[in-house]
Amino acid sequence: MGLKRKILELHKKREEVLKGGGDKAIEKQAAMGKMTARERIISLCDPDSFHEYDLFVEHEARDFDMDKKILHGDGVIIGTGTIYGKPVCIFAQDFTVAGGSLGLMHARKITKIMDHALKMKVPLIGINDSGGARIQEGVNSLAGYGEIFFRNTLSSGVIPQISVILGPCAGGAVYSPALTDFVFVVDKISKMFITGPEVIRTVLGEEISMEDLGGARVHSEITGNAHFFSKSEIECFDQIKKLVSFIPRNNMGKAKKFAPKEPRPEYRISDIVPGDPKQPYDVRDVIRAIADDSDFFEIQELWAANIVIGFGRMNGDTIGFVANQPLVLAGVLDVDSSDKAARFIRYCNAFNIPIITLVDLPGYLPGIDQEHAGVIRHGAKVLYAYSEATVPKMTVILRKAYGGGYIAMSSRHLRADFVFAWPTAEIAVMGPEGAANIIFRKEIMSAEDPEKMRKQKVKEYKEKFANPYVAAARGYVDSVIEPEETRKLLLHAIELSVNKSVFLPQKKHGIPPF
Amino acid sequence: MKKNGCNDKKIRYKSLYVDGIKYRTTFSRKYETRKYYSRPEKTKIYSFIPGTILKIDVSEGQCVNKGDSLFVLDAMKMENVIISPMEGVIKKVYMKVGERVSKGMLMMELGYS
């Protein structure tokens, strides 16, 4: 028996297993508008770069006649590949094999590639498409989930972890994506929930469709569980590739440097922001007027749109942008926008990405619902995240920076390294109208024409305090700059911060207001 | 020329007041569909969970003390004994034994005696 025959035997074995759940199951997958697990990996990785591990793993279940069943690869594909030449570890659940259900060996394959990713310090990408726990394997499948969650937590902040939801991901299974850095969803394909419509109907008598309960739109717009929304799997893979280009391989290095590029001329920084602080504009245009090639890669675009977060480049280096969005809810901070910003700031800090903050906010969103939802504890996350961040922090105050909102948005007091303000900046304890009403209450009330007096006092206050110079007089603002100078000065600040080092008190970890 | 996001498409602007200042902006769907607050009323007993009425211990016109059992709501496989939050009189009973109630339904109304 020659080598040739042995190799032929390997080919035959491979061919058998590569069929996954077989033609019928693959047809069903296609009918649902979904790609197969293997097609997904091929679309995501550089051509011919994927190397599969554990192809011949078989399941462990012996009860309920499971021993007679063959489940190829036990319903999950694992391996390594490259994206833009950058190595990544990948697992993809194969819905065509027993509905991608998670049993002991299925989980062991996933944890194997997770261990590998953490050891080699390369990003981990998990493609989720699974009916959930394999009931026949009982507590072993629960153990499997637990082992995955533990590793997600261990890897958090060490290697980038990306979750892609391309099918159902329900019950305990959703906690793995929730523990990772970025969650990608695709319209009409992704479904995430803890208890499904069936349980809700039987227990609570409430009717809701899977899509309305935990579809891609819901998680992108209402819950904030997802970070990237797309209309198709192909678009989703393009988003993942773009994200990977912005982030470093692990927490010990920096993201890859690209060739520097000037912003595009159609974004003219002086023409975007209206002088009147009550008028809206799209702050993303300001980011585009600052960033290399006007390229801004927004994260959580649809959720809590009153704050904008995302990546861009400055002089070829990845930068995290955080900006109040006057176009939505006047750019206020509230429960959701605080959560959104705080988490992103912590991401940037963990992965050595400098942060540029653009400030233009009237304060916090007033409302009983906000107070009862715990805006105190949620708002505190922003203070915590900026204060603990040791990456270079550059702040540009565009217009309003009132009250607590001013402090929270990467102020000097939370150790921003550079604070620039435009001449349109209004750094004050509150807006002129509110402040004048309090300070000059007596004069206004006792005046012959209170309304006239009120207007006059508001004007007085505006002239005196609604500007950047009071803060500049105390050194809270380093310099008042012209909008046109913004990019140049930010580039200078970034260059200056290359070797920034900060000494913090020793601790096991802080207690952030989660 | 510059592309200003505000002027790209027709945007329906709204007004938001913060500290007495009126800002021109837009609302998110979540903000527009937020729940309004209503003050809890001691005299009105609403169902906090959907379920089935197993037993009613009181009838209209009856006086009750704070802590008296009013009725039993079977929900989530638990028999929840609903007790009176106050001393008073049963003004109105809105449900019958065996009836399924949905969440947020007014089940009983009390009055001050």
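This is a predicted model: local features need pLDDT of at least 70, side-chain atom pairs count only at pLDDT 80 or more; totals for chains, interfaces and linings use all residues.
Colleague: Why is α4(A) called roughly parallel to α5(A)?

Modeller: The axes of α4 (residues 104-120) and α5 (residues 139-155) of chain A cross at roughly 10° and come within 9 Å. Angles under 35 degrees count as roughly parallel, so α4(A) is roughly parallel to α5(A).

Colleague: Which residues make that contact?

Modeller: On α4(A), they include Leu104(A), Ile110(A) and Leu118(A). On α5(A), Tyr145(A), Ile148(A) and Arg151(A) are among them. By class, the residues of this contact divide into nine nonpolar, six polar and three charged.

Colleague: How many residues of chain A are buried, as a percentage?

Modeller: Of the 514 residues in chain A, 49% are buried. A residue is called buried because 20 or more other C-beta atoms lie within 10 Å of its own.

Colleague: What does chain B bring to its contact with chain A?

Modeller: Chain B gives 28 residues, and chain A gives 34. Elements of chain B with two or more residues there include α1 (5-8) and β1 (14-18). The most come from β2(B), with five residues. The side of chain B that touches chain A has eleven nonpolar, seven polar and ten charged residues.

How values were computed: Residues are numbered from 1 along each chain as its sequence is written. Chains are lettered from A and ligands numbered from 1 in the order in which they are written. Axes are lines fitted to C-alpha atoms, for helices over the stretch in contact, and angles run from 0 to 180 degrees between N-to-C directions. Helices (H or I, at least four residues) and strands (E, at least two) are DSSP runs, numbered from the N terminus. Angles under 35 degrees count as roughly parallel, over 145 as roughly antiparallel, 65 to 115 as roughly perpendicular and the rest as oblique. Two residues are in contact if their C-beta atoms, placed from the backbone, lie within 7 Å. Ala, Val, Leu, Ile, Met, Phe, Trp, Tyr, Cys and Pro count as nonpolar, Asp, Glu, Lys and Arg as charged, and the others, Gly among them, as polar. A residue is buried if 20 or more other C-beta atoms lie within 10 Å of its own, exposed if 12 or fewer, and partly exposed in between; C-beta atoms are placed from the backbone.
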